[in-house]
Amino acid sequence: MTTAPTPPTGALQGWLVMSPQRAACYIAASFLLGITQGLGLSLLSSNLTQLQGDFGATQQEALWLAAAYMAPSASVTLALIKIRNQFGLRRFGEVALIGFVVSALLNVWITDLHSGIAVRFMSGLAAAPISTLAFLYMLEPFPPARKLSVGLSLALTGISIGTPLSRVLSPSLMDTDSWFHSTLLELGLALLCLAVVFTLPLAPVPRQKVIERWDFISYPLIAVGLGGLAVVLVMGKSYWWFDAEWLGILTLVSAISIGAAIVIELHRTRPLLDVRWLFSPAILQFAGALIVFRIVLSEQASGAPGLYLALGLQNQQMQGLFWVILLCTIAGGLVSAVILKPGREHAIHIVALMLIIIGALIDAQSTSQTRPEQMLFSQGLIAFASAIFLPAALAAGLMVALKRGPQYILSFVIVFLTTQRLGGIAGTAVFQTVMQFRLDVHTNLISAHLMQGGQLVAERLQTYAASLAQTLPDAAARQAQATSLLSQAVQKEATVLAYNDVFTLIALVAACAMIILIAHWGVIWLRSRHASEPANG
């Protein structure tokens, strides 16, 4: 039997519902859970090139490790929330963490790609509850008035810092035996999380029978649909969208599965998801805003790291950049915790979009000589913008759901987590695809320009050949190598120009989103003003 928490006194009264020492433990537990969940996928996706060597796989084959992780996590939260409500919060947390520890332990003994894919699927399945637990532990010490401001801001910050932290830790983990060291870290964090859940109990919630027979039909259809979409979005660019027949088949199967689930849910008295509400204008607007924002944020997830990898830099050379991103994410979360209040969401979103526009336009001036030190300011702005945008969006959405009743919280949480996970994958897929199109365009333009500049090209080839004179005595070999070096230079410059085009496009998308948001805000203000005029008159 747990004792009632001791309420705080003095300056912290009204901010906490327990003693500051106990509250600090819950906040630290939430950050531990959030970081553990964030590192699970980020360490893998940040180091796919190094992991290819561990598994003897191509880049395309290694990408299946990320796809296997994302497939179950796209939908499993839907089932877990109902399981939690029916079987109890404590049992939910303990069973979820035990499964996570088992999957992390299995990762240590992986020796080949096929077993790695199977275990990463289990890891994605087991890691899905961790983000929910991170939210619950962060909300626990705060009163209701602070849960939607301080609690949400800090919880999302803890979940968000896993990605930059993975880049900071990667150089040390990936020096030798990279897979073993990263999985050993994941196992250690899983054990710490398990100890935390057993030591710090969450406030119990009333149990209720919420799982119904039709859930066993609806949920598998939703899982197949969302999981299939996750695989298509992760692997689409690698196999190319229209070249691999199985991508089209999997997309069709996903669409049919989701469509069948929607039909079933529309005809249920107590549906797993209230589809009509999910397709209401307010929720569609909320989901659309989140997806657009996730696509815009791909500038940081795929943009800067992708550019520097193309320029030949490694994680160690980008470590300082990701330290700045990490610190700015934390700073943004703290600022959000202080300023977030009902009615301020639109203003916060506009400020966040302005910061992203500025950061993306600065990055769009990159050259082949640009190094991480030149992107510290711009990437810091984008990280700060992300940290203040998401809590405001989540708080606004939760208020919409609460107006309809507590039973709508489940549907809203699904919308938020699905848009975050699938939106993040979709953003990366869109970024990489547009970048590939622009790369082809710039490569052709530069090649055509070189064909017209015969004398300059000849001089450049002679320069390359002269630099190889001491290592390649054969003139024909020097000429061939010089041609190869020129081709590599063309590819590098075309890549930089392609990234600049996408950075500019992201700034334009963010600008359009900001204009729409300002217009929407203006319409709401005019309606409220007209509604108040008769009362004043």
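Which residues form one aromatic cluster? Trp64, Tyr239 and Trp246 do, and the numbered points below begin with that group.

1. On the basis of the note: this is a predicted model, in which local features need pLDDT of at least 70 and side-chain atom pairs count only at pLDDT 80 or more, while totals for chains, interfaces and linings use all residues. Residues are numbered from 1 along each chain as its sequence is written, and side-chain values use heavy atoms, with hydrogens and water left out.

2. On the aromatic pairs: rings of Phe, Tyr and Trp (for Trp, the six-membered ring) are paired if their centres lie within 6.5 Å, with planes under 30 degrees apart called stacked, over 60 edge-to-face and the rest tilted. By this rule the count comes to 8 aromatic pairs. In one of them, the ring centres of Tyr239 and Trp246 are 5.3 Å apart and the planes stand at 85°, so this pair is edge-to-face. Tyr239 is partly exposed at 24% relative accessible area, and Trp246 is likewise partly exposed at 30%; here buried means under 20% relative accessible area, exposed over 50%, and partly exposed in between (1.4 Å probe, protein chains only).

3. On a further aromatic pair: Phe431 and Phe503 are tilted, at 6.2 Å centre to centre with 45° between the planes. Because Phe431 lies in helix 17 (residues 408-452) and Phe503 in helix 19 (residues 475-536), the pair ties together parts that are 72 residues apart in sequence. Both Phe431 and Phe503 are buried. Helices are taken as DSSP runs (H or I, at least four residues), numbered from the N terminus.

4. On the salt bridges: with the criterion of a side-chain nitrogen of Lys or Arg within 4 Å of a carboxyl oxygen of Asp or Glu, a search of the whole structure finds 4 of them. One joins the side chains of Arg120 and Glu186, at 3.3 Å from N to O, and this pair links distant parts of the chain, with Arg120 in helix 6 and Glu186 in helix 9 (residues 178-199), 66 residues apart. Arg120 counts as buried at 1% relative accessibility, as does Glu186 at 9%.

5. Asp215 lies in helix 10 (residues 215-239) and Arg268 in the loop between helix 11 (245-266) and helix 12 (275-278), so the pair ties together parts that are 53 residues apart in sequence. Glu265 also forms a salt bridge with Arg268, with its closest N and O atoms 2.9 Å apart, and both Glu265 and Arg268 are buried. Through shared partners, Asp215, Glu265 and Arg268 are joined into one network.

6. On helix 14 (residues 319-339): this helix has 21 residues and reaches 30 Å from its first C-alpha to its last, close to the 30 Å expected at 1.5 Å a residue, where the expected span is 1.5 Å times one less than the number of residues. Its buried residues include Leu321, Phe322, Ile325 and Gly332. Seen down the axis of helix 14, the buried residues fall within an arc of 150° and so line one face of the helix, the arc being that of the directions from the helix axis to the C-beta atoms. The face turned away from that buried side carries the exposed residues Leu327 and Val338.

Terms used
Helices (H or I, at least four residues) and strands (E, at least two) are DSSP runs, numbered from the N terminus.
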